[in-house]
Amino acid sequence: MIKFLLNNELVTLDNNAAEVSVQQYLREQKSLTGSKEGCAAGDCGACTVVLGEIALSQSAIFYRSVNSCITLMAALHGKQLITVEHLSDGKTLHPVQQAMVEHHGSQCGFCTPGFVMSMFALYHSDKPADRETVNTALSGNLCRCTGYRPIIEATLDSCGNRQADKFSAREDEVLKQLKAIASEDTLPGINKVYLPPSREAMAALLQEHPDARLVAGSTDLSLEYTQQLKTLPTLISTTRVKECLALTVDNDGITVGAALPLNDFAPVLHQQFPQLHELIDRFASLPIRNQATLGGNVANASPIGDMPPVLLALNAVVMIDNGSAYREVPARDFFTGYRQTVLADKEWISAIRFSRLDAQTQMKAYKVSKRHEDDISAVCAVFTVTLDNGKVTALSSGFGGVAATPVSCEELEQRLLGKTWSEQSTRQLGMEILDEAFSPIDDVRASASYRKQLLANLWQRFWFETQTELLATTRVTAYA
Ligand SMILES: Cc1cc2nc3c(=O)[nH]c(=O)nc-3n(C[C@H](O)[C@H](O)[C@H](O)COP(=O)(O)OP(=O)(O)OC[C@H]3O[C@@H](n4cnc5c(N)ncnc54)[C@H](O)[C@@H]3O)c2cc1C
Ligand code: FES
Ligand code: FES
């Protein structure tokens, strides 16, 4: 059984009424057909809805946009589900809808409900309504006929002039209702998806259902039934296990719970590693980052995932749990083959631990994809170099898109030790090593030869961007 608010209505659903995805439920059970199915893969945003949940402060509702086509019904437990049908009061349009009318933001209208819901989530956030934030807020929505300028202008206009609306007026009441659901002592779940509240309960469920699979944000797993039309197995969610939701910063580094969505831990990660800003901002789209977790990205072990190269280059540690004991595995030992990891039966990733970089270490992360936003990497490369008096004392690397698993290049890391970083021969040697190290494949994202060229070019870019002395001299010469 799960409980949630469908706008203001308290809904209790058991397995008899179970649908798999939120979109199926809305369209097939509730005849709420505003959210559309475009791609059923999290790519187009036509199905966008907004979930309200108790904010960390416990005193407000936090609204996030999600793709209903790949959101499991179980994920609604304890939340408020708001669709495009709920925005207007029947007489007056919501300010974001009115702005779409005034700015001529809709033509065929297929994408419009999704855009409106992304706009609504921004309207209810404390983010500034500047062009960059608006672009990010709309990054998961595609429009094929109107064009983006009127939609962006409608968003700038409405979100730049926020007024209290009917949702603000009911916020305290909604908060009370969601807290009441959260305080209930039941094991929620629906349609074979369980939401254990503790690591012990998680371990017990894994014993009880030996064939069950884990799920977190479901942004990878859902595609198995929406695209590959597989039958959903029993699923056990990590999203309510306290240890999987940890986010701690101490003198040594940062620990990120495996079930935290990217948007929840990104600000902390950015603070510690500002070099990762672009990579994380270019990870999928905002609605996907509202659900996609670090644990899911790492456990998935995709050779083209964006976070594994980061874990490799930063020598992160994967903390694995089975409910009674933890073990720590260096990220470098975690990936064992194509989509294979060291995770044993009935184990899960609890958290990932990143150590801080010292002042002598420089780091850069690069993602190359066909489309700048919302696209999977053709190649992802992350490098760090530590220098002492201009000589390399440590170098580490992580790559995606060049082998069957996320990989480091140990030869690069070893053979460059002791070299003078600013010498052209160091750059050249790195290129030669990388050219030999991998045999990438041809696929729709890139040809093998393009990937090889990218490796060499990204290495050179890293070398150039970290030549602080060289850059300083160049600047002086340029202004002389
Ligand atoms: C439109 C779209 C765009 C995307 N763009 C990107 C991108 O730019 N870069 C990128 O890297 N990825 C991208 N992805 C892939 C996906 O969003 C990420 O891999 C995401 O981090 C997966 O996390 P999740 O919580 O949704 O995982 P889920 O789908 O819930 O799970 C994925 C796998 O991990 C397992 N799992 C989950 N949590 C745990 C755990 N704690 N312990 C052990 N196993 C676990 C599950 O059993 C499952 O096999 C994209 C996906 C979509 C749909
Ligand atoms: S239908 Fe395209 S993102 Fe959901
Ligand atoms: S209005 Fe037609 S796709 Fe956007």
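Biologist: Let's start with Thr71: in which loop does Thr71 lie?
Modeller: This is a predicted model, so please read each answer as a description of a prediction. Strand S4 covers 61–67 and strand S5 covers 80–82. Thr71 belongs to the loop between S4 and S5.

Biologist: Is Thr71 buried or exposed?
Modeller: A residue is called buried if 20 or more other C-beta atoms lie within 10 Å of its own. Thr71 has 27 other C-beta atoms within 10 Å. Thr71 is therefore buried.

Biologist: Leaving aside neighbours within four places in sequence, which residues is Thr71 in contact with?
Modeller: Two residues are in contact if their C-beta atoms lie within 7 Å. With neighbours within four places in sequence left aside, the contacts of Thr71 are Ser21, Val22, Val66, Ser218 and Gln291.

Biologist: How far apart in space are Thr71 and Gly217, C-alpha to C-alpha?
Modeller: Along the sequence, 146 residues separate Thr71 and Gly217. In space, their C-alpha to C-alpha distance is 7.7 Å.

Biologist: Ser218 was one of the contacts of Thr71. What is the phi of Ser218?
Modeller: Most residues other than glycine have a negative phi. Ser218 lies in the loop between S8 and helix H9 (222–226), and Ser218 is buried, with 27 other C-beta atoms within 10 Å. Ser218 is a residue other than glycine with a positive phi, near 65°.

Biologist: Ser31 also has a positive phi, of about 55°, although it is not a glycine. Is Ser31 buried or exposed?
Modeller: Ser31 sits in the loop between helix H1 (22–29) and strand S3 (48–54). Ser31 has 8 C-beta neighbours inside 10 Å, so Ser31 is exposed.

Biologist: Now to the ligand. Which residues come nearest to ligand 1?
Modeller: There are 32 residues around ligand 1, and they divide into 16 nonpolar, 12 polar and 4 charged. Those that come nearest are Gly217, Gly295, Gly296, Asn297 and Ala299.

Biologist: Which element gives the most to the shell around ligand 1?
Modeller: Strand S8 (213–215), helix H13 (294–299) and S16 are the elements that give two or more residues to this shell. With 4 residues, the element that gives the most is H13.

Biologist: Between which domains does the shell around ligand 1 lie?
Modeller: The chain is divided into domain 1 (1–184), domain 2 (243–355) and domain 3 (361–472). Two of these give residues to the shell around ligand 1, so it lies between domain 1 and domain 2.

Biologist: How far apart are the C-alpha centres of domain 1 and domain 3?
Modeller: Domain 1 spans 1–184, and domain 3 spans 361–472. Their C-alpha centres are separated by 40 Å.

Biologist: S16 is part of a sheet of 5 strands. Which strands stand at the edges of this sheet?
Modeller: The sheet is open and antiparallel, in the order S10-S11-S16-S12-S13. Each edge strand has a single partner, so one side of it is left without a neighbour in the sheet. The edge strands are S10 (247–249) and S13 (326–330).

Biologist: Which residue in S16 is the bridge partner of Thr255?
Modeller: Strand S11 (253–257) and strand S16 (348–355) pair in the antiparallel sense over 5 bridges. At one place along this pair, Gly257 stands opposite Ala351. For Thr255, the partner in S16 is Arg353.

Biologist: And which residue in S11 is the bridge partner of Thr248?
Modeller: S10 and S11 form a hairpin with 3 residues between them. The two strands run antiparallel and are joined by 3 bridges. Thr248 has as its partner in S11 the residue Thr255.

Biologist: Finally, which residue in S18 is the bridge partner of Ala365?
Modeller: Here the open, antiparallel sheet has the order S17-S18-S19. S17 and S18 (379–388) are joined by 8 bridges. In S18, Ala365 is partnered by Val382.

Key:
Residues are numbered from 1 along each chain as its sequence is written. Chains are lettered from A and ligands numbered from 1 in the order in which they are written. This is a predicted model: local features need pLDDT of at least 70, side-chain atom pairs count only at pLDDT 80 or more; totals for chains, interfaces and linings use all residues. Domain bounds come from an automatic or database domain assignment. Two strands pair if DSSP finds at least two bridges between them. A residue is near a molecule or strand if its C-beta atom, placed from the backbone, lies within 6 Å of it. Ala, Val, Leu, Ile, Met, Phe, Trp, Tyr, Cys and Pro count as nonpolar, Asp, Glu, Lys and Arg as charged, and the others, Gly among them, as polar. A residue is buried if 20 or more other C-beta atoms lie within 10 Å of its own, exposed if 12 or fewer, and partly exposed in between; C-beta atoms are placed from the backbone.
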